[in-house]
Each structure stands twice: as structure tokens, then as C-alpha cells.
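Come along and check each entry with me.

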Amino acid sequence: MPASRVAHEESPELRIARSRGDHVFDTRGRRYIDFLMGWCVGNFGWGNAVIERPAKAFRGPDYVYPNFDYPPWEELASLLLALAPRPLAKCFRATGGSEAVDLALQAAMLHTGRRAFISLEGAYHGNTLGALSVGSGDRERLRNLLGHCRRVKPPLDHAALARFDRELARGDVAAVILEPISMNLGVLIPERGFMGELGRLCRAHGTLLIMDEVAIGFGRSGTLFASEQVGARPDILTLAKAVTDGVGGLGAMLATARVARSMEADGVFYSTYGWHPRSTAIAIATLRYIERRQDALLDAVAATSDYFRARLEAMELGDDAEIRIRGLAIGVDLHDEKRASKVGERCRRAGLLVSPEDTTVLLIPALNIRRATAKKGLDILERCMVNRGQR
Ligand code: PLP
């Protein structure tokens, strides 16, 4: 590959030419089964005609100045709030997930008058300085813009609740920010009852609960939003990625009426490209698509999830491998970073895209993936994964 003038986080693994349905194609015409879907973006398949059509037919304004009104914004906000968990009441416009998270942190600080946050060790919430400040990883030098983010170690069980309680009792915490089921921690699922109890602790200490569903939202977990199934009642919810199925760029921060009032009274949330008219039309089409097919989509997720589980459980993955699965958020933890990365590489060479994430191989297929494609992909995975000592 010739030297690139585009900066990349890592050297690019593939040169992409196009994508269709459950597949992407590289510039040499090679086809890959996509168990990655842009990392939780293409939930409804690439080139989904119902979602692409309004983008192609779009006849609205090129652009709307953010301080004007634009009726489709109201329509999109109504659709998001109708689908989102209660009692969220107001939407703030953003260009993507990091900006939505930043708005969430600002809203929590303005509402509570506090500056500290609690997040999960190992978490990722985006790439702005604010989002990095509540994230983890090896970017220590960029982390502490907010100065005060404390991290609680997973797993999310009853022992962790005691740690949260100790931190919350200091009385300085604006919000706890978590993914309800963490894609970034390889499909980390909280223990039953954990989120409800955490919410109760937060309320008792005057702290807000931010649920970051940028990755897990829009059906991936088997319910429309994962907050519902883990019993979380968020004060703030962040969304992006699958809200446009990848056809446009858009993010949203949703807040309760009380939190929204504090943000509106005191916040500046101007975003030049937040809810661009074309992306707004695409997000509306995506949400109408979800609304009309919700039951069928979630039934398909449940059936495909069972199929993935059965296939994975039948594979020789090695004694210490652990399968974590909720809907089509699927993590196969090999407890071995090198092996996970090798599996990812072997799969790619064999025509399957997966996402190695630390010690876990993440599988993130489209929610409407065809069974024949799922089977072919799992056959490849099995060949690349089985533990016959050829690590
Ligand atoms: N929050 C979570 C949970 C994410 O996984 C990501 C991105 O992967 C973000 C926020 C940031 O979203 P974006 O890359 O759209 O800024």
C-alpha cells in the first residue's frame, strides 16, 4: 500500500471500495462477511434501501443555521423520545457520539454544580478531551481535563456497588457514566439488579446517571435500548452510530426535563453540523424503519443470537474461553490478547471481519443478517478460532 496522507490511528487493514447488505468489498474486489458493521454502526445492513432512499431524494436546505428552527428537528426529537426509555424529555443536537457525551458531561455539571465523575475502569466514551477524561486506556496525559474522574473496577456486581457507594458518599459527583452493557469492555454485562441499585444510590447522593448507548443502542442488545433490560433509569442518554445506519453522521444527548432546563439556562451547545438537514432526514428514516419493524427486528435478533450462542458453544475454544452474549452483542473472551488479535487477523485473511478488543473477539453482525451469511461467517470463525495448539 503506498504511503497515505490521511492520518490513521493504526495502519489501515483494508482498502474499502463499497459495502452491501452483510458484506464489504475491498479495492481488489475481494468480498468480506461483516461481523463488525463499522463497530455498531450498520445495524440494519449496508445500503438498506428504506434508509438510503431519503438521502438520495433529499430536497431540503443544504444547511440550517443552528439558531433558526427547522421542523424536521422536532420530528426527529419526537421519534427519539418516543423510542427512548422514560422519563427522558428533551434532545440536544450533536454530530456524533463524542460530542453527545461531552454535552452529557456539561449537562451533569451544570445541573448539579459539581465537577467530579465516576466511570468504569477500561471504559471508552469518545475522543474529545471531555470524553477522554472519563475514559481509560493508555492516554493518561490527555485524560484529566475535568480533573476529577474516579474509576471503579469491573465486574459490575454487588461488591462494585459498595465501591460506587463509597465514592458517591463524598458528595462531589456530578454523574456516573456507564454503558449499560459495555461493548468497549468486550460485552460486559452487569449482574442482575445492579443498575437499579446503582440508580438508587445515585439519587440518594444527588448524582445523575448517564447511560452511554452510542454503541449498544438501537436493538443491538436484544431490546431497543440496553438501559431497559438492565433496569437503568437514566437522567441522560447518549446516542449516535446506528441512528443513521452509517448513511449520515449524527449524535444526540437526551435528558430529563429537569436536567434539560439546567442545560438550557446555563449551557452553550451550539454545534455547526449538529443534526445537519440531510443526516436528520436519514435518522428520521432509520427511526421510522425501526418503529415499523420493531417486533420483527427484535425477534430476528433473538433467533440469530440463539444461533450464534449454539454455534459458539459447540466450538473448541479452549478451556478458559468465555462467551458473553446479549442479543447480537457478542464477546468471546479468550483471556489472551495476542490470541484474540491473531484470530482477528486470520479471520480477515479468510474473508470475515471481526473486532479483537483486548483479550476478547467481538462479533457485531447486522441485526437483520441472513442466516446463510451468519453460517458462512461462523464456519470461518470456527476454522480460525479452534484451539488446536496452533496459536
Ligand atoms: N461512546 C461509546 C460507548 C463509544 O463506543 C464511542 C465510539 O466508539 C463513542 C462514545 C464516541 O462516538 P464517536 O466516535 O461517534 O464520537
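How far is an oxygen atom of the ligand from an N or O atom in the side chain of Lys-241? I found 2.9 Å, which is a polar contact (a pair of N or O atoms within 3.5 Å; within protein, one must be able to donate a hydrogen and the other to accept it, and residues adjacent in sequence count only if both atoms are side-chain atoms).

**Before going on.** I noted that this is a predicted model, where local features need pLDDT of at least 70 and side-chain atom pairs count only at pLDDT 80 or more, while totals for chains, interfaces and linings use all residues. Residues are numbered from 1 along each chain as its sequence is written, and side-chain values use heavy atoms, with hydrogens and water left out.

Entry 1: A polar backbone atom of Gly-97 is 2.9 Å from an oxygen atom of the ligand, and an N or O atom in the side chain of Asn-184 is 3.0 Å from an oxygen atom of the ligand. On its own the ligand has 390 Å² of accessible area, and the protein covers 81% of that (Shrake-Rupley method, 1.4 Å probe). I counted 13 residues around the ligand, each with a heavy atom within 4 Å of it. Ser-98 and Asp-212 are also among those that come nearest. By class, I listed four nonpolar, six polar and three charged residues in this shell. Here Ala, Val, Leu, Ile, Met, Phe, Trp, Tyr, Cys and Pro count as nonpolar, Asp, Glu, Lys and Arg as charged, and the others, Gly among them, as polar.

**Entry 2: the whole chain.** I found 13 helices and 15 strands; these are DSSP runs (helices H or I, at least four residues; strands E, at least two), numbered from the N terminus. The radius of gyration is 21 Å, close to the 21 Å that the globule rule gives for 391 residues, so the chain is as compact as a globular protein of that length. The radius is taken over C-alpha atoms, and the rule is 2.2 Å times the number of residues to the power 0.38.

Entry 3: Most residues other than glycine have a negative phi, and most peptide bonds are trans. I noted a cis bond between Arg-86 and Pro-87, with omega about -5°. Pro-87 sits in the loop between H3 and S4. Another cis bond joins Pro-154 and Pro-155, with omega about 5°. Cys-40 has a positive phi, near 75°, and I located Cys-40 in helix H1 (residues 37-40).
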